[in-house]
Amino acid sequence: MLTNNKRQNHKKQAEVSDSEEDRLSKLPEGIITQILSFLSTRESVRTSILSTRWKYIWSSVPALDLTYSDFKSKAYCRDVNFQKRNIIDNFLNVVDRLLTGHGQHVLDKVHIDGSSSGTHDGSHINAWICAAIKRNVRKLNLLGLDSIKPHELHQTLLSSNALVVLKLDLNVILNFPMTSTCFPNLKVLKLEHLVTFKDDTSAQNLISSCPVLEDLFISRNGSHNLRILNLTSWSLKKLVLRYDGTSEDTVQIIVIDIPALETLDIEDVGTQEYVVRDLYSIINAKLDVSNVFCDDPISYGTRLFELLIKRIFNVKSLQLSERTMLSLSHSNSYNLPTFRNLTYLKFFGCCYGWKLKLVMEFLKNSPILEVLRFEGFIFSYKEQGTPLESDVVPNCLTSHLKTIEISGGSLEGICEMVRYFLKNAKVLKELTIKTYYYEDLKKLKIDCEDIFKHRRGSMTWSDGKLAISFV
């Protein structure tokens, strides 16, 4: 009886398995290719062994995703039926074969990542771009492709009506002549380290001629072949700039004239000057700016106030780095605007005592601030010669500031900050201190316990974190 039941169960399981297999094999080819489009090309190719029907379906997938690191796998070379040759040659030839010589169906996405593949002659790049544009690609990512010498990008790219996302990190020169419109439907543009512009005019033409561009990312190590980077756009909503400033041969002036900009994120230690038009739509700003080649820090700090900080007065969330605060602190006067919409303020990096006065100025000029965060090593302000106490307590402390977080720092520096904020932040709901040192946390807990004699609340501490809550 027991044996018969087992046989029946096995039979049912086999029927279910056959049924599932039938359902899979009966799927329309369009659905199968859509499923395969979520896989890398390597994984997609490997499905060809499932059955005779699946053997060539991968070649109709509307996405091409090839990464050089995959070519280090012998199995992959076997999958695409290549003889053993140089891995880099295999990689380049496979891209050629799949992009320019195999089928002409529409491609939604092309992602080619040659990171760690070394340098090559670069002769393939423009052919790949032309092939992708002919197949109406919407998302084109060409990354980590370092050629022996830079190649000028083919002008065919400009005329693409289908392209929505373009990400480039390859050794090319962007030459954009004056044109009324280019990339008519491009919304996301990311230009990384290896990309250069032919001249200032090419950079300005590219940005200003994209009518619906919303997200721009530019990253560069060293020279960018530019003196002035003019970023003028009526459509752009997000701008991210990354300049490492390792060379004096870098951008001298960056002009930002983007009325609809909502997010500004800059990490730049080389640009001599920013010229920013009022950003009335700004919501988020993260600034890590300085000039390692500056001979006049006072003048640089003053210009930074006037030409950058004053232009983002409508911001709701603001993050300032230690380098930014250092540059600003050199100014003769801390002439800050009133940040009437600012609810979130974060200082990250080393917060030295002699910058505390500037920190207090930001608090005084942020009347509705609700969240304040310090992330970095905090020295003792007394040791630095700047007392924490201020003659005027910022309005935000007495009426709006509800959350404070302090991460890292010396015990004495943290204690001074905690005492000040617990004394003056009248509507504070939560204060969190994070430190890697258990003994410091233990001492800090004892130091804060007398606060609860005057205010109702609770205190918890564990895993390098002390949290104080008030009711």
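Mentor: Let's start with Y334, which is partly exposed at 21% relative accessibility. The cut-off for buried is under 20%, so at 21% Y334 counts as partly exposed. Please keep in mind that you are looking at a predicted model.

Y280 is exposed, at 53% relative accessibility.

Now back to our tyrosine. The centres of the F305 and Y334 rings are 6.1 Å apart and their planes meet at 35 degrees, so this pair is tilted. F305 belongs to helix α8 and Y334 to the loop between α9 (322-329) and β18 (344-348), so the pair ties together parts 29 residues apart in sequence.

F339, F347, F362, F374, Y420 and F421 are linked by ring pairs into a cluster. Two lysines also lie over ring faces. K286 is over the face of F348, 5.4 Å from the ring centre. K190 is over the face of F217, 4.8 Å from the ring centre.

K190, in β8, is the bridge partner of K167. Strand β8 (residues 188-191) pairs with β6 in the parallel sense, over four bridges. β6 also pairs with strand β4 (residues 139-147): six bridges join them, and they run parallel. In that pairing, L143 stands opposite D169 in β6. Five of the six residues of β6 (residues 165-170) are buried, so this strand is largely enclosed by the rest of the structure. As a general point, side chains in a regular strand alternate between the two faces of the sheet.

N136 is in the loop between α6 (125-134) and β4, and F183 is in the loop between β7 (172-174) and β8. N136 is not a glycine, yet has a positive phi of about 55 degrees. F183 is not a glycine either, and has a positive phi of about 45 degrees.

Three strands form an open sheet in the order β5-β7-β9, with parallel pairing. Its edge strands are β5 (151-152) and β9 (196-197), each of which pairs on one side only. β7 and β9 run parallel and are joined by two bridges, and I173 stands opposite T196 in β9.

Another strand to visit is β11 (residues 228-232), where N230 lies. N230 is buried, with a relative accessible area of 17%. The side chain of N230 makes a polar contact of 2.7 Å with the side chain of T232. Leaving aside residues up to four places away in sequence, N230 touches Q204 and V255.

For a helix, look at α5 (residues 87-100). Its 14 residues should span 20 Å at 1.5 Å a residue, and its end C-alpha atoms are 20 Å apart, which agrees. Buried residues in α5 are N90, F91, L92, V94, V95, L98 and L99.

Finally, step back to the whole chain. It comes to 13 helices and 23 strands. Of its 471 residues, 49% count as buried. Among contacts between residues at least 6 apart in sequence, 69% join residues at least 24 apart. The pair where we began, F305 with Y334, ties together parts that are 29 residues apart in sequence.

Methods: Residues numbered from 1 in each chain as written. Predicted model: local features only at pLDDT ≥ 70, side-chain atom pairs only at ≥ 80, totals over all residues. Heavy atoms only, no water. Buried < 20%, exposed > 50% of the residue type's maximum accessible area, 1.4 Å probe, protein only. Phe/Tyr/Trp six-rings, centres within 6.5 Å; stacked < 30°, edge-to-face > 60°. Lys NZ or Arg CZ within 6 Å of the ring centre and 35° of its normal. Expected span 1.5 Å × (residues − 1). Pairing = 2+ DSSP bridges. Polar contact = N/O pair within 3.5 Å; in protein donor to acceptor, adjacent residues only side chain to side chain. Contact = heavy atoms within 4.5 Å.
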